[in-house]
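These are my notebook entries on one structure, written down in the order in which I looked things up.

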Amino acid sequence: MTAPVEKPTPMFGKLRSIYVTEVAKYESEVIRRLGPLFKNQYTALVNLSKDYTRKGDIPAAEAAKKEQANMQLATCHIPDGQSKILRSGELCYLNRDYVWANAPPPTWRT
């Protein structure tokens with residue numbers, strides 16, 4: 001997306017609003033559809049870890065638990081419609097002190 005315009009014309013503001021609304025709908029649908037897949041994978045990893053533990057294969061159980069801990073369904077809400085290129089060293093969240101590390105360089109724009 002382009003940077004916000006200080007005093008957009010009514011048509012520009014309307015087009016931007018339509019675009020942001022449609023992107024939000026699309027992203028919500030993607031997350032809705034991925035939810036069951038995520039849940040199934042998470043449950044399968046929990047069960048796999050338990051099975052390996054019962055069999056005494058502790059390294060395999062720990063590997064399944066580690067994979068389970070790494071799973072997350074990322075969601076994001078950008079209230080003002082702004083987005084940025086991810087760059088190493090920049091903040092990930094406004095309310096945390098996490099920064100991006102080893103972010104690849106942008107390939108679609110600079």
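This is a predicted model: local features need pLDDT of at least 70, side-chain atom pairs count only at pLDDT 80 or more; totals for chains, interfaces and linings use all residues.

Ser49 lies in helix H1, where helices are DSSP runs of H or I with at least four residues, strands are runs of E with at least two, and both are numbered from the N terminus. Leaving aside neighbours within four places in sequence, I find Ser49 in contact with Ala61, Ala64 and Lys65, contact meaning heavy atoms within 4.5 Å.

**Entry 1: the chain as a whole.** Of its 110 residues, 9% count as buried. Among contacts between residues at least 6 apart in sequence, 32% join residues at least 24 apart.

**Entry 2: how the helices pack.** Helix H1 covers residues 10-55 and helix H2 covers residues 58-70, and I read that their axes come within 8 Å and cross at roughly 165°. The axes are lines fitted to C-alpha atoms, for helices over the stretch in contact, and the angles run from 0 to 180 degrees between N-to-C directions. That crossing angle makes H1 roughly antiparallel to H2, since angles over 145 degrees count as roughly antiparallel, under 35 as roughly parallel, 65 to 115 as roughly perpendicular and the rest as oblique. The crossing of H1 and H2 is left-handed, a term used if the near helix is turned anticlockwise from the far one by less than a right angle.

For the residues involved, I listed Tyr42, Leu45, Val46, Leu48, Ser49, Tyr52 and Thr53 on the H1 side, which meet Ile58, Ala60, Ala61, Ala64, Lys65, Glu67 and Gln68 in H2. The residues of this contact divide into nine nonpolar, three polar and two charged; Ala, Val, Leu, Ile, Met, Phe, Trp, Tyr, Cys and Pro count as nonpolar, Asp, Glu, Lys and Arg as charged, and the others, Gly among them, as polar.

Entry 3: Is Tyr42 buried, exposed or partly exposed, and what does the accessibility come to? At 34% relative accessibility, Tyr42 counts as partly exposed. Tyr42 lies in H1 and, neighbours within four places in sequence left aside, is in contact with Gln68 and Met71. I also looked up the separation of the C-alpha atoms of Tyr42 and Lys65, which is 9.8 Å for residues 23 apart along the chain.

Gln68 is found in H2 and counts as buried at 16% relative accessibility. Not counting residues up to four places away in sequence, Gln68 touches Tyr42, Leu45 and Val46.

**Entry 4: salt bridges.** I used the rule that a salt bridge is a side-chain nitrogen of Lys or Arg within 4 Å of a carboxyl oxygen of Asp or Glu, and by this rule the count comes to four.

Glu22 and Lys25 meet through their side chains at 3.2 Å, N to O, and, being three residues apart in H1, they are separated by about one helical turn. Glu22 is partly exposed at 42%, whereas Lys25 is exposed at 52%.

Glu29 forms a salt bridge with Arg32, with the closest N and O atoms 2.5 Å apart. Glu29 is partly exposed, with a relative accessible area of 28%, and Arg32 is exposed, with 52%.

Arg54 and Asp51 meet in a salt bridge at 2.9 Å, N to O, and about one helical turn separates them, as they are three residues apart in H1. Arg54 counts as exposed at 64% relative accessibility, while Asp51 is partly exposed at 35%.

Definitions and conventions:
Residues are numbered from 1 along each chain as its sequence is written. Side-chain values use heavy atoms; hydrogens and water are left out. Buried means under 20% relative accessible area, exposed over 50%, partly exposed in between (1.4 Å probe, protein chains only).
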